[in-house]
Amino acid sequence: MASEQKPSKSQELIEQNLKRVFQESVDEELPDRFKDLLARLKSSEGQDGTPK
Amino acid sequence: MTQLDPRDELIEHLPTLRAFAMNLTRDASTADDMVQDAIEKAWRNFDKYTPGTNMRAWLFTILRNTYYSSRRKTKREVADPEGVFADKMSEKPAHDGRLQLDEFRVAFAQLPDEQREALLLVGASGFSYEEAAETCGVAIGTIKSRANRGRKRLTELLHLSDDDPLEMTDPSTMAVVVNGSGAF
């Protein structure tokens, strides 16, 4: 893709902070409720005959 | 031959999906409810997912649809961050020229959903403009202009002065709006 215009310093700052803020959320440990949920979904799927 | 169940791939995307939800809703418990909802929906609709295509974009789409439909229903009870953080914002950033992460977070939370979303997708998650457009169901030019408006607003909120003016991006943005609308 076309490399657009050169980003200014403040735009670079914004991009960096955006990535840092997001990465902090990504790095948070996943709450157990999601592992439990996936386990529950998986086990219920066996019952309605979905092939594994 | 072992065909990997695409459902097993789901868990790999959960940290990013949740990060997207948290930064979109700006509220951890709302975000987690939405993620749970999205997982359940995805699970029920896995037959509509084509293996080998972009699962991340597919999941993000489900999640954002959940968000925007609940936003329409409940006219947002989330506290307006603008008032809460107004004092903090009046201060000039960075005595040492660096931007405090907290300050950035506060400013970012003030952006309209659509701009925040565009920046989260292309700026933070590393989506291409095409992917982001696909995820949001809009034209590429729309994503570009939302992201640019978001960046511009952040520049203002954070009192960053811009040596090379952002207006420069407008003609190219407009060109994309004009040319890119049929792209997807």
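Predicted model: local features only at pLDDT ≥ 70, side-chain atom pairs only at ≥ 80, totals over all residues.

Q: What span does helix H3 of chain B reach from its first C-alpha to its last?
A: H3(B) has 19 residues and reaches 27 Å, close to the 27 Å expected at 1.5 Å a residue.

Q: Which residues of H3(B) are buried, and which helices do they pack against?
A: An α-helix has 3.6 residues a turn, so residues three or four places apart point the same way. In H3(B), the buried residues are B:Ala57, B:Trp58, B:Leu59, B:Phe60, B:Ile62, B:Leu63, B:Arg64 and B:Tyr67. The buried residues of H3(B) pack against H1, H2, H6 and H7 of chain B.

Q: Is B:Ser69 buried or exposed?
A: B:Ser69 belongs to helix H3 of chain B. It is exposed, because 9 other C-beta atoms lie within 10 Å, and a residue with 12 or fewer counts as exposed.

Q: At what angle do H3(B) and H7(B) pack?
A: Two packed helices are described by the angle between their axes and the distance between the axes. Helix H3 (residues 55–73) and helix H7 (residues 129–136) of chain B pack at an angle of about 40°, with their axes 8 Å apart. H3(B) is therefore oblique to H7(B). The crossing of H3(B) past H7(B) is right-handed. H3(B) contributes B:Ala57, B:Phe60, B:Thr61 and B:Arg64 to the contact, while H7(B) contributes B:Glu131, B:Glu134, B:Thr135 and B:Cys136. By class, this contact of H3(B) with H7(B) has 3 nonpolar, 2 polar and 3 charged residues.

Q: At what angle do the axes of H7(B) and H8(B) cross?
A: The axes of H7(B) and H8(B) cross at roughly 100° and come within 8 Å. The two helices are therefore roughly perpendicular to each other. In H7(B), B:Tyr129, B:Glu130, B:Ala132, B:Ala133 and B:Cys136 meet B:Ile140, B:Ile143 and B:Lys144 of H8(B). The residues of this contact of H7(B) with H8(B) divide into 6 nonpolar, no polar and 2 charged.

Q: What span should the 18 residues of helix H8 of chain B have?
A: At 1.5 Å a residue, the 18 residues of H8(B) (residues 140–157) should span 26 Å, and the end C-alpha atoms are 26 Å apart, which agrees. Among the buried residues of H8(B) are B:Ile140, B:Ile143, B:Arg146, B:Gly150 and B:Leu154.

Q: Is B:Arg116 buried or exposed?
A: B:Arg116 lies in helix H6 of chain B. It is buried, because 23 other C-beta atoms lie within 10 Å, and 20 or more count as buried. Leaving aside its neighbours within four places in sequence, B:Arg116 is in contact with B:Asn23, B:Leu24, B:Phe108, B:Leu111 and B:Gly150. The C-alpha atoms of B:Arg116 and B:Arg146 are separated by 8.3 Å, although these residues are 30 residues apart along the chain.

Q: Where is B:Arg26, and where is B:His159?
A: Most residues other than glycine have a negative phi. B:Arg26, in the loop between H1 and H2 of chain B, has a positive phi near 60°. B:Arg26 is partly exposed, with 18 other C-beta atoms within 10 Å. B:His159, in the loop between H8 and H9 of chain B, has a positive phi of about 55° although it is not a glycine. B:His159 is partly exposed, with 16 other C-beta atoms within 10 Å.

How values were computed:
Residues numbered from 1 in each chain as written. Chains lettered and ligands numbered in written order. Axes fitted to C-alpha atoms, helices over the stretch in contact; angles between N-to-C directions. Helix = DSSP H or I, 4+ residues; strand = E, 2+ residues; numbered from the N terminus. Parallel < 35°, antiparallel > 145°, perpendicular 65-115°, else oblique. Left-handed = near helix turned anticlockwise from the far one by under 90°. Contact = placed C-beta atoms within 7 Å. Nonpolar A, V, L, I, M, F, W, Y, C, P; charged D, E, K, R; others polar. Expected span 1.5 Å × (residues − 1).
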